[in-house]
Amino acid sequence: TTYRADCVLRSMRGLYKYLRMKKICCIGHITLDKIITPKSEVEMPGGTSFYFAHGIHNLNPDANFQLVTAVAQSEMKSVDDIRALGVDVVVLPTRHTVFFENKYGENQNNRTQRVLAKADPFTAQSLQGIEADIYHLGSLLADDFSLDVFEMLSAKGTLSVDAQGYLREVRGEKVYPIDWKNKRDYLRYVDILKVNEYEIESLTGHTDVKAAALTLAEWGVKEVCITLGSYGSVIYDGTEFAIVPAFPTREVVDATGCGDTYSTGYLCKRACGASIADAGCFAAAMSSLKLEHSGPFSRTEVDIENLLKTSGLTARIEK
């Protein structure tokens, strides 16, 4: 009886925490992905919005969350599957679905990409009625979100952006790294920016993580999350750096969606009031668990907390 009462109490505390969570809205295309690794070749839905929606649902089905996406009619099953989980999904019209081919070698930190189809971009007009406390833009290609979308959403709430789409250009079917055109015009509206170790050099010209973070802060970004693959991550909030370790994984299977999973965990924790260090560790542990299988994060918050405890790893704060 005592055990059952304790379980109920913990469950109520967990629900209360998520009821207090600020509303998060992820905006981005669901893609059709072909994922090629040394062990397998599969086709499945993907994109920031796909990984984010499944990840946040598995953390807590009662999370205060909305997904805004755009897919062609031929890929509506991926939306139907997410709606079947109870997730609030708004679908905007598009002629095509984004089709990515992601090819990995033995080193999962490296991949090559091809884009076989593109979707229509999101517009400020199409997003006018979307209301949230935190907006996360999952950019996949440079024209997904225009400057007026940044300006409008930043005026309504906290704007979080994954920079990846702005740093790659499609020529034919191949994807090439580029600098973000007019980046400073966009970045001054960004509260939270997620980039990886390759993207920071393209953006800032710095290979040093701290120097890159400081430059992005000078350009107006309030909070910078830099993921470094198997080397962990670094977060800068304008005052201090959180040096977050990479957490152990039993097997490296598929890195596709790990960056999106990191953003999911980080924003969920920040929306509940966690510090940058605690949110970073939670996000990193969540990403490590996702790395063990193909597809979106499918474990639970309890699994993440157990990994945090058993690893004995913590973030280090530096000025």
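A residue is called buried when its relative accessible area is under 20%, exposed when that area is over 50%, and partly exposed in between, using a 1.4 Å probe and protein chains only. Asn102 is buried by this rule because its relative accessible area is 2%. The structure you are looking at is a predicted model, in which local features need pLDDT of at least 70 and side-chain atom pairs count only at pLDDT 80 or more, while totals for chains, interfaces and linings use all residues. Residues are numbered from 1 along each chain as its sequence is written, and side-chain values use heavy atoms, with hydrogens and water left out.

Let us stay with Asn102 for a moment. Asn102 is found in strand S6 (residues 99-104); helices (H or I, at least four residues) and strands (E, at least two) are DSSP runs, numbered from the N terminus. With contact meaning heavy atoms within 4.5 Å, and not counting residues up to four places away in sequence, Asn102 touches Asp33, Lys34, Ile35, Ile36, Arg111, Thr112, Gln113 and Thr256.

Now to the sheet. Strands of a sheet pair through backbone hydrogen bonds, either parallel or antiparallel. Here two strands are taken to pair if DSSP finds at least two bridges between them. An open sheet of 10 strands runs in the order S5-S4-S1-S8-S9-S12-S13-S14-S15-S16, and its pairing is mixed. Strand S5 (88-92) and strand S16 (316-318) stand at the edges with a single partner strand each, so one side of each has no neighbour in the sheet. On average, neighbouring strands of this sheet are turned by 15° against each other, direction ignored. Axes are lines fitted to C-alpha atoms, for helices over the stretch in contact, and angles run from 0 to 180 degrees between N-to-C directions.

Helix H3 (residues 76-84) packs on this sheet and touches strand S4 (65-70) and S5, its direction making about 160° with that of S5. In the loop between H3 and S5 you will find Val87, which is buried at a relative accessible area of 11%. Residues up to four places away in sequence aside, Val87 touches His57, Phe65 and Ile82.

Elsewhere in the sheet, strand S12 (residues 192-196) pairs with strand S13 (residues 223-227) in the parallel sense, over 5 bridges. Leu193 has Val224 in S13 as its bridge partner. Thr227 also has its place in S13, and at 11% relative accessibility Thr227 counts as buried. Leaving aside neighbours within four places in sequence, the contacts of Thr227 are Lys194, Val195, Asn196, Glu197, Gly232, Ser233 and Tyr262.

Tyr262 leads us to helix H8 (residues 258-271), where Tyr262 is among the buried residues. H8 is mostly covered, with 12 of its 14 residues buried. The expected span of a helix is 1.5 Å times one less than its number of residues; for H8 this gives 20 Å, which agrees with the 20 Å between its end C-alpha atoms. Just after H8, Gly273 takes a positive phi of about 100°. Within the helix, Lys269 is one of the buried residues, and Lys269 lies over the face of Phe282, at 4.5 Å from the ring centre. Such a charge sits over a ring if NZ of Lys or CZ of Arg is within 6 Å of the ring centre and within 35 degrees of the ring normal.

Aromatic rings make up the last stop. Rings of Phe, Tyr and Trp (its six-membered ring) pair if their centres lie within 6.5 Å; planes under 30 degrees apart count as stacked, over 60 as edge-to-face and the rest as tilted. The count by this rule is 11 aromatic pairs. Tyr166 and Trp180 are stacked, because their ring centres are 4.2 Å apart and their planes are at 15°. Tyr166 lies in the loop between strand S9 (158-162) and strand S10 (168-171), and Trp180 in the loop between strand S11 (174-177) and helix H5 (183-187), so this pair ties together parts 14 residues apart in sequence. Tyr166 and Trp180 are both buried. Tyr166 also forms a tilted pair with Tyr186, at 5.5 Å centre to centre and 50° between the planes. This second pair links Tyr166 to Tyr186 in helix H5, 20 residues apart. Together, Phe150, Tyr166, Trp180 and Tyr186 form one aromatic cluster.
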